[in-house]
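Visitor: I'd like to talk through this structure with you. Could we start with the terms and then go on to the details?

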Amino acid sequence: MPEVQTLAGFWDELRHADGAPRPAAEELVRQLSGLSLAELRARQALAELDIVTMGITFTVYSQGNGVDRAWPFDVIPRVIAAEEWRRVEQGLVQRLRALNAFIDDLYNDQRVIAAGVFPAELLKESANYRPECRGVRPRFGVWAHVCGSDLVRDRDGTLYVLEDNLRVPSGVSYMLENRAITKRAFADLFARQSILPVDACTDELKRVLTSLASPEAAEPTVVVLTPGIYNSAYFEHSYLAQRMGAALVEGADLMVGEDDCVYMRTIGGPAKVDVIYRRVDDSFLDPEVFRPDSQLGVAGLMRAWRSGNVAIANAPGAGVADDKVVYAWAPELIRFYLGEEPLLANVPTYRCVYPDERRYVLDHLRELVMKPANESGGHGLVVGDCASRSELDECAARIEAEPRNWVAQPILSLSVAPTLTGRGIESRHVDLRPFVLSGAGHYVTAGGLTRVALREGSLVVNSSQGGGSKDTWVVE
Amino acid sequence: MSLLLSRAAERLYWAARYLERAEDTARLVRAYTEVIVDLPTTVTTSWAPLLAVVGGEQAFSAAHGRSDAGERRVIQFLLAEDSNPGSVAHCVRFARDNLRTTREVLPREAWQVVNDLFLYVSAEAGAGAARSARSRFCDRVVGEVQHLDGILSSTWSRDEAYELWRLGEALERADMTTRVLGVRAASLLAARSGAEHGDHAEVQWMGVLRSLSALQMYQRATRAPIESAEVVRFLLSHRAFPRSVAYCVARLRASLGALPHVERTLPALEELEALVAAVADAGRGDADGVALDADMDRIQLRLHALDATVADAFFAVGAAGPR
């Protein structure tokens, strides 16, 4: 392979420390060795052309204007051994079973609080807990039908769950498109080895969504509810709707009738909707109940949902478990609801709501990553060894002011993968977002979206802040 | 029960109308320019009739005050000016905006073509006003809309979305044909007795046919010299020709028949059909141009009424989109 600039001390996803390829990556490394840098760049260029032609975009906002950017993609895939992946799958399914049981419990009997496992005051101050959801029992006891759990690998090779995104997680469409593009860039490799397919994901999603409809609906109508063209993930909403053969709707296309059922406005008249895969945040979902100024939701939707006339995925209120503070309790939740030990590790997490843990954090700011509970997209993070003195002081002040809102974790040495840069092939930090679908059963995508921090030395992988992505291969 | 969203339906219908309008305007500008070029320079020519055809006189004087309708300004107005809702640039932009949010309903390649056209027009419309670049610009606009039509015809299932598209397209096309007949033909007829244009009548009538891409088919159908009554009859009633009013009305009937709420849309359609038949029977080719112009106005009003009926039947349930 063209000379690869490696980073000592970090786990390389494709190679051992001595440069020898990991078993699952042997074929890929062999193929890359046979390519000159120019040839590799040519494949990258073709991939980028594919992206522009296929219109794979995401939208970045600055100064009120949205710009559709081509999806930033690196053509060198990231590889995971199938054997390791099977263990990860089991761990993720276990985690989602516990998280869903937790959400269902919080909105009903609250046994977990009565048992003293989860502090009541955390619930009181939780921004995503929706009292309007009390007493609701969605089918199968599942509230988070789609969850994107971010995984990271530390220096010693251990995979950790970094966070669970189960409000409106995005990335499935980009994962599927990454595979489509990579199949064209490295077609021969797909013939020579067994790389698990990812295409079934949208069929599985459709199956899960359809299963949520009430049994009376002979052929349930499933729709994808999007905030519209100005949302940064609009491409994905449209893509998923198309792949599932579901209608892509906006709030204004729906209405709730006097019968508390949801209808779409079609040219033939109102058509009943059975399941809504919603990509609109809770607070904008229903102006009758949440933000009254919302133009994105449907007045009366909560009424319809509570009476069981329409199923919503992910359910309103599921976000209570999408919280960096709740995250810290995940191992205990697995034990409480399932009576099992966690198969997948949590990153050791200090909870500032507890005085002793808060003290530790304030004394060790430089060695930790401080995270505010409810921000997404990597915003608000303070990375101790990169921040300035004044940034750290400001962070300490915010922790003292709102301790419940903050957790901290050791700075992980995120694993790296070879990535094509201006200078050649260099190591860049990566994470992984597999998607877990929960309904009557569970389904985990084979791999998921690998996100890569394209800037040298950066740990920030989010596309809105300079990140890119790679295809992920689970190899037998 | 239909599953085409009212909002999507409205956007498709209007995208089709805007693209037809853009294509027809480009064709009109191209043909008119050719006529003017063919006439001897001793003949005084006016560009005002072009504005009259597209009904842009008011908008033009709003934009340019009392300045005279010189060639450059009129062409610029019709091709590039964004303040003119009928300009090619404006129409293509609106069509593209409409399609941006209804992509999943159309064949995928369709969006690519419209988006590319939008990028081209955005970049070139201003320069396209100059005579040297004009026909290339107009050719491109017409060609790309026809390219789109090819994609739609060969890969779009004949579902409700498709029928709504053809509905909007047919309505807009009928409207344009009546405008050309109403203004151009009427003014030619009215001036027929005058010596000034008499010698060049044939050239001008050819221009009328060319502005609707009808010359070749006219010649095949009539095998007669180009003559006013025949041209009017051809453009109004020759059902086989796809830009005639009669053909468009038949297309409207076919599309409405394939859509829901037929009982609501049929009456307006039948009134339109009756009027077109009556006007054809009256045989305006020989009569004075004023009556022809008035007849065309009446047909346009019926088209407008049909448009309102369509909006009421299909779009009213939903939210408004760009119009």
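This is a predicted model: local features need pLDDT of at least 70, side-chain atom pairs count only at pLDDT 80 or more; totals for chains, interfaces and linings use all residues.

Visitor: Which residue of chain A forms a salt bridge with B:Arg7?

Guide: Chain B and chain A share two salt bridges. For B:Arg7, the closest N and O atoms are 3.5 Å apart, and the cut-off is 4 Å. So that pair passes the rule, and the partner is A:Glu250.

Visitor: Which helix gives the largest share of the side of chain B that touches chain A?

Guide: Helices H1 (6-38), H6 (108-124), H8 (160-191) and H15 (289-315) of chain B each supply at least two residues there. With three residues, the largest share comes from H1(B).

Visitor: How much area is buried between chain B and chain A?

Guide: In terms of residues, 23 of chain B are in contact with 19 of chain A. Carbon and sulfur atoms give 56% of the buried area. The total comes to about 2000 Å².

Visitor: Over in chain A, which strands are the edge strands of the open four-stranded sheet?

Guide: The order is S8-S7-S12-S13, with parallel pairing. Inside that order, four bridges join S7 (residues 222-225) to S12 (residues 275-278) of chain A, and A:Val224 stands opposite A:Tyr277. An edge strand pairs on one side only, and here those are S8 (247-249) and S13 (311-313) of chain A.

Visitor: Which helix of chain A lies across S7, S8 and S12?

Guide: Look at residues 234-244 of chain A. This helix runs at about 150 degrees to S8(A), and its name is H9.

Notes:
Residues are numbered from 1 along each chain as its sequence is written. Chains are lettered from A and ligands numbered from 1 in the order in which they are written. Side-chain values use heavy atoms; hydrogens and water are left out. Two strands pair if DSSP finds at least two bridges between them. Contact means heavy atoms within 4.5 Å. Axes are lines fitted to C-alpha atoms, for helices over the stretch in contact, and angles run from 0 to 180 degrees between N-to-C directions. Buried area is the accessible area (1.4 Å probe) that two parts lose on being put together, summed over both. A salt bridge is a side-chain nitrogen of Lys or Arg within 4 Å of a carboxyl oxygen of Asp or Glu.
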